[in-house]
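Please go through this model site by site. The report below takes a metal site, a helix and a sheet in turn.

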Amino acid sequence: MRWGLHPRGPGAAALAAARNLWVPPRLRCRPGWQGTTGRLLVRSVTGASNQLQSSNNGRYRDTVLLPQTSFPMKLLGQQQPDTELEIQQKCGFSELYSWQRERKAKTEFCLHDGPPYANGDPHVGHALNKVIKIREIFLGPLELPVTAVANILNHLLCGVDLETGTCAHPLTPHKDSPLLPANHVTMTKGTGLVHTAPAHGMEDYSVASQHNLPTDCLVDEDGVFTDVAGPELQNKSVLEEGTDVVIKMLQASKHLLKEEKLVHSYPYDWRTKKPVVIRASKQWFVNITDIKATAKELLKKVKFIPGSALNAMVETMDRRPYWCISRQRVWGVPIPVFHHKTKDEFLINSQTTEHIIKLVEQHGSDVWWTLPPEQLLPEEVLSQVGGPDALEYAPGQDILDIWFDSGTSWSCVLPADLYLEGKDQLGGWFQSSLLTSVAARKKAPFKTVVVHGFTLGEKGEKMSKSLGNVIDPDVVINGGQDPNKEPPYGADVLRWWVAESNVFTEVTISPSVLNAARDDISKLRNTLRFLLGNIAGFNPETDSVPVNDMYVIDQYMLHLLQDLANKITDAYKQYDFGKVVRLLRAFYTRELSSFYFSIIKDRLYCENADDPKRRSCQTALAETLDVVVRSVAPILPHLAEEVFQHIPYAKEPKSVFRTGWIRTSSIWKKPGLEEAIESTCAMRDSFLGSIPGKNAAEYKVTLVIEPGLLFEIIEMLQAEETSSTSQLNELMMASQTTLLSQEPRSTTTDVIERKGTFLINLEGGDIREESSYKVIVTPTTKEKCPRCWKYTAESPDALCPRCSEVVSGK
Ligand SMILES: [Zn+2]
């Protein structure tokens, strides 16, 4: 016996031949049928078997097959993180990586994790936003006295060619300063004349370089005036008493016309929260102009997610003319340059570098600081380069920028499929990796770059350690001091929240979003529990029903399942975890819980355990469980494993992660089924809508469909004119369903009628036929069966025909 599509009447033979594709008999069979989707309307209904699970205490309780599983419905409070830990240990999470490496899969996937120094330069980048004019740096932080010298000059020089003019220095006699044009100076702020200090800011420095002005620096590394500044200022801090002295000197020379305090922006160090003095210093730079062109060309072959990140990266790169690779720190990788002790000369070439590389390989990079100069620069090396005595040179004290260190990490991990970091790395690690890789081997170090935004607080505020509003992931997982305020959510909730968020923009985190994630998982948990409970006693190897022999609604679920699996696999490939969450959530709430589960309960609970009708359903449930568990496993590994451990027929439930990705079959794909299920659901909605709040099982329904495509399709779900056990009646959830192609001759007065039309749309719209239907609803005359609670019994105490057959067979 098969429960597929059973045609009768006109065109039956042709329909039977084409049953797998649902090709209408009058038309030529063509592959690639496309049904339309998205028309499925589902109402929550109170069906007879929906109540069975909770309240069947009657004498037939032992004859119904209620779900059986030890999988818990809920994990409360501390149980959540505790269970996760248990699963991690039981299923060997920590061994999964090495297990995977040993398997020598055909294709390896390399995610290069980095950068090693995650919290340095990006914050300096923020400080750079606040870099302001040199004159302000020189005159002090936040509250500064302003001289009106520039204003006066402006008036005096009005009408004069400013570009050839000079200004007298207010404190140093006979020192004239030229007036120069510069693009960064505008009339929108102040007079349009600004003081320029070439040693104390990028813009000033570049103006001075263009005009070959000296880069005199009167401030030393401690922020104190040097002797060049004169005896009154020497050894005075520029930001503190140095400022007071400058004002006094201007007063004494009668150049100070007005003094007032003004609040303005000023660069501060993000770590110490202290004002910064910008000073010119000698550094090592990489000229990236040439590398840039090649890098841009190579970036075209790199996949950026989101796509806009490519432009952002190119723009960041375009803004950078040089890359300063030297730093003055006490710890780091030394730059192997030798400085002449008396002359302004240095020594570095391939011979000296190769020698240093050998030493570092043997003894580590500390040799630079520990070995005497004659060993760092031995005679044989010096003679090669025609150099003088090693003792004339001293090893340089600069170290390499940490971004140079981390930017060359690709040399150890190539080829990397993926780099994935926050958007701050567009100008950081992504770029330093790209530039070093392009310079060294004319290749990009990554195939794909995924860029994410930052985490913000509930109100969209930035999170930072110093503000104290950083949410600690450990508190989210294990709970805080007060479990009422900070409950233990477990790792899965945190992971679901991350996956769900649009990580390519800024992401907010708060108790409400975490609670929403927890609720989602709780619903999923119940769905999975239903699946587990109803495959008890089912063995896929011996009990599975072939797809084409399954109930239409079960086949339809497999059809939806393969579609879901394809979409989820694609979304994972695109790193679009938000889409995975949305697809899964829609599937388990709408398709499964609200729709499919409510229809199949009678078949699952009330038929014989090994009845093919029930096995058909269990086959679909087992496949559904498998696809859902694998789909969710990357995001909710603990829940997936917990479910996997409870699958009754799993042979070696070591770990779901050792059993491969989703498996679906192409024969599940049957787009024509959508028309059958969706048209039935449309009529069911008419039926249910006509009896709001009532139990559908207490009504019998008559469907009158005009002869045509719709009738032929619906006819396959019910062979008899009237049935309480057909596939059609199962979907309608009524006491019984009658299918007619003509209006019934006589109707009673106690009827509700609803009319509607349904557009059958097949082969991508090539076949379109609209049919009208009428739904006639009347209260049933049957009695409630004490076993299945369907209104299919002849008298109040008697079992319905189906149930008496099942019970007597036991
Ligand atoms: Zn019954």
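## Zinc site

C785, C788, C800 and C803 coordinate the zinc ion through their SG atoms, at 2.2 to 2.4 Å. Donors here are N, O and S atoms within 2.8 Å of the metal (3.2 Å for Na, K and Ca); water is not among the atoms, so sites may look incomplete. The donor residues follow the spacing C-x2-C-x11-C-x2-C in sequence. The pair C788 and C803 links distant parts of the chain, 15 residues apart. C788 sits in the loop between strand 21 (783-784) and strand 22 (791-793), while C803 belongs to helix 30 (residues 801-808).

The four donor atoms subtend angles of 103 to 117 degrees around the zinc ion, which makes the arrangement tetrahedral. Four donors count as tetrahedral if all angles lie between 85 and 135 degrees. Ideal angles for four tetrahedral donors are 109.5 degrees. C788 is buried, at 0% relative accessible area. C803 is also buried, at 0%. Buried means under 20% relative accessible area, exposed over 50%, and partly exposed in between (1.4 Å probe, protein chains only).

## Basis of the model

This is a predicted model: local features need pLDDT of at least 70, side-chain atom pairs count only at pLDDT 80 or more, and totals for chains, interfaces and linings use all residues. Residues are numbered from 1 along each chain as its sequence is written, and side-chain values use heavy atoms, with hydrogens and water left out.

## Helix 3

Helix 3 (residues 79-90) has 12 residues. Its first and last C-alpha atoms lie 16 Å apart, close to the 16 Å expected at 1.5 Å a residue. The expected span is 1.5 Å times one less than the number of residues. Helices (H or I, at least four residues) and strands (E, at least two) are DSSP runs, numbered from the N terminus.

Which residues of helix 3 are buried? They are Q80, P81, T83, E84 and I87. Seen down the axis, the buried residues fall within an arc of 160 degrees, so they line one face of helix 3. That arc is taken from the directions from the helix axis to the C-beta atoms. The face turned away carries the exposed residues E86, Q89 and K90. After helix 3 comes G92, with a positive phi near 60 degrees.

An open sheet of three strands runs in the order 9-8-10, with antiparallel pairing. Strand 9 (346-347) and strand 10 (393-395) are at the edges, each with a single partner strand, so one side of each has no neighbour in the sheet.

Strand 8 (residues 338-340) pairs with strand 9 over two bridges. Two strands pair if DSSP finds at least two bridges between them. H339 has F346 in strand 9 as its bridge partner.

Technical notes. Four donors count as tetrahedral if all angles lie between 85 and 135 degrees; four count as square planar and six as octahedral if opposite donors are over 155 degrees apart and all others between 65 and 115; anything else is irregular.
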